[in-house]
Amino acid sequence: MPVTRRDLLTAAAAVGASGVAVTALYGSGRSAFAGAARFQRPLAIPPLLQGEVRDGVRRFDLTLQRGQREFLDGMQTPTAGINGAFLGPVIRVRRGEQVRLDVANRLGEASTLHWHGVHLPAKMDGGPHQVIEAGATWSPRFRIRQPASTQWYHSHLFHRTGVQVYYGLAGLFYIDDDQGDALGLPSDHGVDDIPLVLQDRSFARDGSFRYLTSMHDRMLGMTGDVMLVNGVVLPFLRVRRRLTRFRILNGSNARIYNLAFSDGRRFLQIASDGGLLPRPVPLTSVRLSPGERAEILLEMTPEDDLQLVHVPPPARRARGGGMMGMMQGMMRSDDQPFSIMRLIGSGLEDAGTRPPRRLVEVPAWSEDEAVKTRRFVLEMGMGMMGGGGFRINGRAMDMNRIDETVRLGAVEIWEIVNRSPMAHPFHIHDIQFRILDRDGRPPPAGEQGLKDTVLVEPQETVRVITRFEHYADADSPYMFHCHILEHEDAGMMGQFVVVA
Ligand SMILES: [Cu+2]
């Protein structure tokens, strides 16, 4: 697999179907930081937060705060984080446990904290309705009722999700269970079980984050030209075991990654958004859009010195022809390869587990069980210069309008239709779904597990199926939305309630 070595995302010109160079990808041209050091800093491992059990409830103290961080040598960047300057700890809970999280907001502005991928009552969801005012503390409480998985949490303030996540309000949320433990997967945090939060950022000359300075970023979502992993620019990791598990989160606002290793080696995908797959899936690349997670197992030897890289996915034939085809070429931000981090094998200890042949049984729902099919049409509204126009079923998000009402216990098919020239990751709160098909064809093996976010390509139709169970509340909605945070903030979001 040809991979060019690049430490920075290129501000390359996108070339449309006509062969004419269209526009530079970044509003103000090339990055000021083309010389940012690569592979000079070790990967940071976010601390585990296990909380404290009192009266049968596992309790966590979280503080949303401001800070600063030296991402680039000699420059301080103002940031936000949870219990720290940038990003947050890995919250670790167990299936069956009752948990309570006391979230104190010391940001000096309103925020929320949403538990992405977690099945819980709508009032505890941390969406746009659960605002935590500056100085206030919010204390959601819920039971963990889903399998072992890698979930995450992030700000979900209406119109301000993009900027708050960009500054650092996000972290990982691990769920363990007996079934997962019994598989003997690598699970020593920071040793052979390594979280990788992938984010791209853009910096101004004074070192501050640059956010939404161009119409391009408003339309396509905010992409940057510097890669961060766990908040470190282009880090290196000395791998300790022959078999390492990586829990990868695309925590970027808008960038889609097609992840591979620089020597094209195979790895095993063992989990998708909602938990473990039926069996490990051998792959040479895995695609992750904003909000999606994948867990993989990577084998290394002491001689190995590799990079985790982004490689452009095979070109998808433009659909819709003519103008639509040209727009699709222009609106891709994943057509250039770049490096993400370096993995060094020289310090490997011989110890290491073997990948299991089988993993878990994944819940499935049959089409026959479905009592309803709902359709969600994603539109951007053309007119690149017009801004706005981000809609689902012709409507922009309105906090006072419930878009869909679902019966408790119902199995439903949600059909997501992308009528725009760019791909959108569609996310549904509260539930995990299975993908039935993409344009009528079954999804690839890595997508045949539980999911809460699915990338829908331009002009594609994706059908997903799930059961809405346990929690009904006619007054508190859950969200469904595009996980390109600038699209969500601009209105590509709707609300549903589950009623008894
Ligand atoms: Cu979108």
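These notebook entries record what I looked up in a predicted model.

**Entry 1, annotated spans.** I began with the UniProt record, an unreviewed entry, which gives the annotation "domain: Plastocyanin-like" to residues 64–179 and 390–498. For residues 64–179, I noted 8% helix and 44% strand, with the end C-alpha atoms 33 Å apart. For residues 390–498, I noted 5% helix and 42% strand, and there the end C-alpha atoms lie 25 Å apart.

I then turned to the aromatic rings and found a count of 24 aromatic pairs. One of them joins Trp-115 and Trp-138, and I recorded this pair as stacked because the ring centres are 6.4 Å apart and the planes meet at 10°, where stacking requires planes under 30 degrees apart. Trp-115 belongs to strand β9 (residues 114–116) and Trp-138 to strand β10 (residues 137–138), so I noted a link between distant parts of the chain, 23 residues apart.

Are Trp-115 and Trp-138 buried or exposed? I found a relative accessible area of 0% for Trp-115, which is therefore buried. Trp-138 has 14% relative accessibility and also counts as buried, since the limit is under 20%.

I listed the members of one aromatic cluster: Phe-71, Phe-86, Tyr-166, Tyr-167, Phe-203, Phe-209 and Tyr-211. Tyr-166, a member of this cluster, also has Arg-201 over its face, at 4.3 Å from the ring centre.

Which residue lies over the face of Tyr-174? I found Arg-247 there, at 3.8 Å from the ring centre.

Note on methods
Residues are numbered from 1 along each chain as its sequence is written. This is a predicted model: local features need pLDDT of at least 70, side-chain atom pairs count only at pLDDT 80 or more; totals for chains, interfaces and linings use all residues. Side-chain values use heavy atoms; hydrogens and water are left out. Rings of Phe, Tyr and Trp (its six-membered ring) pair if their centres lie within 6.5 Å; planes under 30 degrees apart count as stacked, over 60 as edge-to-face and the rest as tilted. Helices (H or I, at least four residues) and strands (E, at least two) are DSSP runs, numbered from the N terminus. Buried means under 20% relative accessible area, exposed over 50%, partly exposed in between (1.4 Å probe, protein chains only). A charge sits over a ring if NZ of Lys or CZ of Arg is within 6 Å of the ring centre and within 35 degrees of the ring normal. UniProt positions are given in the numbering used here, feature names are shortened, and annotations may be inferred rather than shown by experiment.
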